Amino acid sequence: MSRAGTATAGKTEPKSGSAPATESASASASRYERGTRSYVMSRIRGKDTSIEVMVRRYLFARGLRFRKNDRRYPGHPDVVLPKWHTVVFVNGCFWHMHEGCSKHTMPKSNVEFWTAKLTRNRERDARQHRQLAEMGWRVIVVWECELSKQTREARLERLYGQIVADSGRREDQSAD
């Protein structure tokens, strides 16, 4: 049974044939019915993304214990490892403008808006990382593209090494 011409899960299914010629250019460019785009965008979450969960599972399996999305620190780091005084941010390449990455491309429509928004994200990240470093935290950033199937295991192993590499020195200092 077809529901042509009705909204299905927020998307508009076209009626039989092509879109009417009287439809405005902006409406034809939109994949969603009026008001649905805002709802869809509101479902995009900033925490517990698949790449964050992947990193946390790996670290937990390696015996590291941490806090997640701790709001006491600038930027609410995805992983906070107090024992090693280290924070880990797991960044999406698009949202955080990963330079030189194929996953970061500037959208072709509404370029001014997206340029301003993504630039603000990058500047905010730099400011928060600087604040954390001034507080004495070691900041590690893991990019989405580093977690592709080909490079995932090597990157997670390197992340673990980055976290625990300094642990001997920190434990010696805490013993004093």
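Colleague: Ile163 then: leaving aside neighbours within four places in sequence, what is it in contact with?

Modeller: Ile163 touches Leu59, Leu64, Leu81, Trp84, Thr86, Val88, Arg138 and Ile140, where contact means heavy atoms within 4.5 Å. Bear in mind that this is a predicted model: local features need pLDDT of at least 70, side-chain atom pairs count only at pLDDT 80 or more, and totals for chains, interfaces and linings use all residues. Residues are numbered from 1 along each chain as its sequence is written, and side-chain values use heavy atoms, with hydrogens and water left out.

Colleague: How many residues are in the largest nonpolar core?

Modeller: 17, and Ile163 is among those with the most contacts inside it, along with Val55, Leu59, Val88 and Leu159. By core I mean buried Ala, Val, Leu, Ile, Met, Phe, Trp, Tyr and Cys joined through side-chain atoms within 4.5 Å; buried is under 20% relative accessible area, exposed over 50%, partly exposed in between (1.4 Å probe, protein chains only).

Colleague: Which elements supply at least two residues each?

Modeller: Helix 3 (50-61), strands 4 (79-81), 5 (86-91) and 6 (138-143), and helix 5 (152-164). Those are DSSP runs numbered from the N terminus: helices are H or I, at least four residues, and strands are E, at least two.

Colleague: Switching to helix 4, which of its residues are buried?

Modeller: Trp114, Leu118, Asn121, Asp125, Gln128, His129 and Leu132. Their cover includes strand 5 and strand 6.

Colleague: And what follows helix 4?

Modeller: Gly136, with a positive phi near 95°.

Colleague: Last one: why does Met41 count as partly exposed?

Modeller: Because its relative accessibility is 40%. Met41 is found in helix 2 (residues 36-42).
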